[in-house]
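Hi,

Here is the structure I promised to pass on to you. My notes follow below it.

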Amino acid sequence: MGPPMKNDCFLRACRREPVPHTPVWMMRQAGRYMAEYRKLREKHSMLDLCKTPELALEVTKQPLRLGVDAAILFADILLPIEPMGAPFEFAKGEGPVVHTPIASRAQIDALRVIEPGEGLGYVMDAIRLIKKEIDVPLIGFAGAPFTLASYLVEGGKSAHFVKTKRLMYEDPESWNLLMSKLAEVVRRFLHAQIEAGADAVQLFDSWIGQLSPDDYRELVAPHVRHILADVQKAGVPVIHFGTGTATLLELQRDAGGTVIGLDWRTPLAEGWKRVGYNYAVQGNLDPTVLFAPRKVALDRAKRVLDAAEGRPGHVFNLGHGILPETPVETVQAVIDFVHETSASGRA
Ligand code: CP3
């Protein structure tokens with residue numbers, strides 16, 4: 001057992017309960033925009049930070065000084081692919097590089113559907129350690145099958161996802177096998193994180209905006225449903241995040257989740273209406289707004305708050321991860337502004 005939770009606004013908002021102020025956290029809130037993170041990275045690789053629970057704890061705690069209402073476990077969506085049989089590294093300036101990208105059925109057959117204890121135990125160890133040390137809710141997370149498959153098949157970041165889509169169109173049976181294996185690993189992994197103490201979980205399907213609605217519905221959504229229908233039974237909030245989802249929101253919602261992530265391309269008022277007020281929403285400030293003059297950034301934050309109309313069920317966040325060069329002062333100013341503005345007028 002850890003310290004008593006000082007502030008459960010985030011969990012209450014996820015459950016669409018009234019809150020004294022709109023909770024705020026920032027995707028990728030631990031990372032290179034913070035000097036203390038960069039300093040730690042001089043001594044340790046990204047994977048060392050993820051795999052050493054004491055270091056993961058330290059990084060997870062770093063952004064809490066900004067007053068965010070939730071912590072997110074420091075880890076990465078790609079961690080499970082290593083024990084599945086696809087080692088990778090974070091190459092400087094390039095992002096993730098998978099050593100042997102998937103290019104054949106035999107490689108898909110060889111991927112192991114692991115139990116989280118087989119090669120990912122350090123994540124659950126980190127969660128147990130973090131829970132002893134923090135007094136805000138802790139968010140666990142995993143990557144969704146399409147986003148993970150895109151790294152496995154492309155070997156890294158991609159502009160057009162040609163290899164991934166070629167597999168999807170040429171050999172749907174192998175595609176579905178790959179997606180099923182990833183989905184089952186992710187389902188088990190999220191359960192293990194919740195058992196270890198995560199108070200909520202987020203499924204990152206960052207690149208689904210690349211898909212047509214038909215392809216998402218037929219080739220991706222069933223695998224997401226396999227994960228979320230089951231993980232939701234654990235009773236903690238489940239955030240389903242994607243970007244570029246303006247044409248997919250209803251399909252994404254139907255694939256699961258109790259909180260739907262909205263990027264900035266869809267105005268929050270419109271997105272929430274389409275998703276339905278029986279869901280909570282998270283978002284949706286453009287992360288590049290944090291590079292604007294403070295006055296402009298606060299104005300854009302105000303517009304997000306106004307669009308939520310004080311309705312229970314809004315978690316303030318960016319529409320995608322915070323960028324490495326973001327000025328911390330503006331991040332701090334936005335967090336304070338959201339707290340102060342949303343608290344005034346509420347009991
Ligand atoms: O603070 C947090 O949000 C928790 C930690 C976290 C990281 N990655 C740490 C990280 C989370 C939730 C992620 C998710 C993630 N990782 C996603 C989904 C979210 C999104 O932004 O779309 C994706 C697609 C990845 C894969 C990944 N990891 C990429 C593409 C990169 C390189 C690009 C980049 O932003 O650097 C990473 C590396 C990574 N993951 C870093 C961090 C802090 C940078 C590592 C470093 O060089 O110090």
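In helix H4 (residues 53-61), the buried residues are Pro53, Leu55, Ala56, Leu57, Val59 and Thr60; buried means under 20% relative accessible area, with a 1.4 Å probe and protein chains only. Their cover includes helices H2 (35-43), H3 (46-51) and H7 (121-133), along with E1 and E4, where contact means heavy atoms within 4.5 Å.

Before going on, the conventions: this is a predicted model, with local features needing pLDDT of at least 70 and side-chain atom pairs pLDDT 80 or more, while totals for chains, interfaces and linings use all residues. Residues are numbered from 1 along each chain as its sequence is written, and side-chain values use heavy atoms, leaving out hydrogens and water. Helices (H or I, at least four residues) and strands (E, at least two) are DSSP runs, numbered from the N terminus.

The open sheet has 7 strands in the order E1-E4-E5-E6-E7-E8-E9, with parallel pairing; two strands pair if DSSP finds at least two bridges between them. E1 (71-72) and E9 (314-318) are the edge strands with a single partner each, so one side of each has no neighbour in the sheet. E1 is joined to E4 (residues 138-143) by 2 bridges, and Ala71 has Leu138 as its bridge partner in E4.

As for the ligand, polar side-chain atoms lie 2.7 Å from a ligand oxygen in Arg41 and 2.6 Å from a ligand oxygen in His320. In Asp76, a side-chain N or O atom is 2.7 Å from a ligand nitrogen. The ligand alone exposes 870 Å², of which the protein buries 88% (Shrake-Rupley areas, 1.4 Å probe).

Best wishes

How values were computed
Buried < 20%, exposed > 50% of the residue type's maximum accessible area, 1.4 Å probe, protein only. Polar contact = N/O pair within 3.5 Å; in protein donor to acceptor, adjacent residues only side chain to side chain.
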